[in-house]
Every structure is written in structure tokens, then in C-alpha cells.
Amino acid sequence: MAARLLEPIAVRNMRLSNRLVMPPMATGRAHPDRGVSPEMLAYYKEKSSGGYIGLVIIEHSYISADGRAHDRQLSVADDSVIPGLKELAEVIHGQGSKTVMQINHAGSSATEKILGAKPVAPSAVDNPLRGSPPRELGRDEIAGIVCDFAAAAGRAWEAGFDGVELHAAHGFLLNQFFSPLTNRRQDEYGGDVLNRIRIHLEIVKAIRETVGQEFPILVRLGAADYREGGTTIDDSMVAARALEAAGVDLLDVSAGFCGFPETGEQGFFAPLSEAIKRAVNIPVILTGGIREAGIAEQLLQDGKADLIGVGRAIMSDSLWAKKAVESLQGR
Ligand SMILES: Cc1cc2nc3c(=O)[nH]c(=O)nc-3n(C[C@H](O)[C@H](O)[C@H](O)COP(=O)(O)O)c2cc1C
């Protein structure tokens, strides 16, 4: 039987040659002017070499200056970066892989030192993971952030990326809105799950208006906080259905407001991705701890997800994908 990991899959109009994904991983290699650097081009060329990875998701890139997370982070915040982004998309396409840009606002994960100003957040509540004490966003500012996300997605589209991914995990701004740990708002952006993902839904709508119907929109969803009083998988199933109804094309499941579990288990978020997969009809990516091609294949065959992300194993071994594909072809 042919390996499921090697089967093609379509995500809206993006046709992936297989189901192996390189998840977004910050490299800190952007040019100091915050554009794509030669170092970054070389890195992604090496990782995508041979086209063995169906989908390469580019590391979280900031949508506006007040949404930066760290130094030498890639920017999608203004049009000056578009030529560099074009080169990046071309390098990966040249290897035969598709590529999606992850776009992010760090919110209260940023520090005052990095921003030169107080970070912003849904509420003036310290981020349990990192960052400096934030100030609460006004409603006009939230509307501005929605526009910034849409403009950033428009730049990725213009640069030739195959899609865009909203970073709504790992304690960054969209996760801060989703999580009751950091969202204490009394207005329509706080309270029940649908209010806490109102900004996500507004962003998806604004992106669609910017890029049209063809361009895939992915969401990396922090599907459980694993913290007392935080989000649970039940919240995430409600959110997942609403995101699908709003036109999201794929859910990339991650979790852990406060970092991912280091259990050594391969596919440690499988219970979450399996539950999300049951809740929606769009494809779901499972990432986390996977180091062996045979296990990636088994997780797909067991219905835990539709695609598999392999992060650190690919980061430390650029031949990982080639070896994985060849081992499964030879079965
Ligand atoms: C160095 C590093 C940087 C990361 N940067 C991002 C990022 O930019 N966006 C994101 O959504 N996840 C990021 N992650 C999380 C990974 O995408 C992935 O979910 C995590 O490493 C678990 O998968 P793995 O066990 O296959 O590595 C990062 C992880 C690492 C190790």
C-alpha cells in the first residue's frame, strides 16, 4: 500500500505533492533591516532542497512594528520587504515545494526593550510566558491590527507565496485574545469563545477581501493552554468550527501557552489534532516531537491528522525529509 504521507493533498487551490510539512521555526536570520537576508535564502534553500517537503511554512513574521517579537525577526510590515519575500518564495518553489508565510503580532510576548514602548494586549495582564507588562488595546487599535494583518497577507500574496498562516498559538497576540488567562475584556472581544476569537474572524474576513477567493488561509491554533483557567480542547473545537465557517482552509494544531510538553512522545498533540479533525472538514496538521517517518505515517493512518509537521528533526538534519520520503517509497 502506498504511504499516506506521500499522497498529494489540495488546500483550496494549493496542491501539495505530499503531506509532510516543515512547520514555522524562527531562525533569527532576517537581515538587520528586517528583510530577507542571503543567509535566510540559503537556509530555506537547503531545507527545501529536492522538494521532499510538500509545504514549507516560513517562520513567524511581524505585521507591524509594535507586533515584533525579537531581533532579526522577518518583517511583512511594509512594502519594502516584498522583493526579498519574492526571492524567498522563488527559492522554495525552485525546489518543488509550496510555501506559506506565517504572520504574527506578538502582543504582550514582546518586551519594552525590543519595542521601545509598552507592549499591547487584549487586557493589561502579564503574559504568563514572557514579555513586559502590557497596556490594553482600544477598539480602534484592534481595528488597526485587523487591517495590518490583511495588509501583511496581501504582501505575502503579492510576493508569490501560496498562502498565509495566522499565528494564533504559543502565547502571541491572537492566542492572548483566545485565552481567558490573558483576555479579561468586558466588550465584544472578551467573554465566550466566539467573542474571544472575534478578532481572528475579522482578520480572516479582511484577508479574504484583500487576496480574493483563491488564496489559502491557514490558522495555527493554540488548541489548549494546559493551564488552570486557560483554554481547553472544547473551546478549540468551537473555535475551529467558527474558523472553518469563516473561510479558513486548514488548521495547524499546536498548543501550550507556556511551551510544548517535553515528554519524548512522538505526536504529543495527537489527541488535540484528532479532536479538531472530528470537528471540521478542512485538513488538519499535527506537529510535535515527530522524529521518525514510520511514526508520521502511522499517525496519518490512525486518523490523527491529514498532514504531519516535522520541526526540530528537519532543523537539525536537512536530509531528514529526503530520507523519510525514500524510506516510505521503498516500503
Ligand atoms: C527554534 C524554534 C523556533 C520556532 N518558531 C516558531 C514560529 O516562528 N512559529 C510557530 O508557530 N512555531 C514555532 N516553533 C514551534 C515549531 O513550529 C513546532 O511546533 C515545535 O518545534 C514542535 O515540533 P517539533 O517537535 O517537530 O520540533 C518553533 C520551534 C523551535 C524549536
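## Loops, strands and a core

Student: Where is the place of Arg12?
Tutor: Helices and strands are DSSP runs numbered from the N terminus (helices: H or I, at least four residues; strands: E, at least two). This is a predicted model: local features need pLDDT of at least 70, side-chain atom pairs count only at pLDDT 80 or more, and totals for chains, interfaces and linings use all residues. Residues are numbered from 1 along each chain as its sequence is written. Arg12 falls in the loop between β1 (9–11) and β2 (14–16).

Student: Why is Arg12 partly exposed?
Tutor: Count the other C-beta atoms within 10 Å, all placed from the backbone: 20 or more means buried, 12 or fewer means exposed, and anything in between means partly exposed. Arg12 is partly exposed because its count is 18.

Student: What value is phi of Arg12 near?
Tutor: Arg12 is not a glycine, yet its phi is positive. The angle is near 50 degrees.

Student: And what value is phi of Arg72 near?
Tutor: Arg72 lies in the loop between β4 (55–62) and α2 (82–95). With 15 C-beta neighbours inside 10 Å, Arg72 is partly exposed. Its phi is positive, again in a residue other than glycine, and near 55 degrees.

Student: Is Met14 buried or exposed?
Tutor: Met14 belongs to strand β2. It has 21 other C-beta atoms within 10 Å, so Met14 is buried.

Student: Which residues does Met14 touch, not counting those up to four places away in sequence?
Tutor: Touching here is contact: two C-beta atoms, placed from the backbone, within 7 Å. The residues that meet this rule for Met14 are Lys98, Asp162, Gly163 and Pro216.

Student: How far apart in space are Met14 and Glu214?
Tutor: In sequence, Met14 and Glu214 are 200 residues apart. From C-alpha to C-alpha, their separation in space is 8.6 Å.

Student: Is Gly212 buried or exposed?
Tutor: Gly212 is in the loop between α7 (198–211) and β9 (217–222). Inside 10 Å there are 9 C-beta neighbours, so Gly212 counts as exposed.

Student: How many residues of β9 are buried?
Tutor: Look at both faces of the strand. Ile217, Val219 and Leu221 point one way, Leu218, Arg220 and Gly222 the other way, and all are buried. That makes β9 mostly covered, with a buried count of 6 of 6.

Student: Which residue in β9 is the bridge partner of Ala168?
Tutor: Strands pair if DSSP finds at least two bridges between them. Strand β8 (residues 163–168) and β9 are parallel partners over 5 bridges. The β9 partner of Ala168 is Leu221.

Student: Which residue in β10 is the bridge partner of Leu221?
Tutor: β9 is joined to strand β10 (residues 250–254) by 5 bridges, and the two run parallel. Leu218 has Leu250 as its partner in β10. For Leu221, the partner is Val253.

Student: Through which helix does the chain cross from β9 to β10?
Tutor: This β-α-β crossover is right-handed. That word means that, with the strands pointing away from the viewer, the path from the first strand over the helix to the second runs clockwise. The helix on the way is α8 (residues 233–245).

Student: Which residue of β11 stands opposite Leu251?
Tutor: Leu251 and Val253 point one way from β10; Leu250, Asp252 and Ser254 point the other. Strand β11 (residues 284–287) runs parallel to β10, joined by 3 bridges. Opposite Leu251 stands Val284.

Student: Which residues touch the most other members of the largest nonpolar core?
Tutor: A nonpolar core is a set of buried Ala, Val, Leu, Ile, Met, Phe, Trp, Tyr and Cys residues joined through C-beta atoms within 7 Å. Among the 94 residues of this core, those with the most such neighbours are Phe149, Leu251, Val253 and Ile308.
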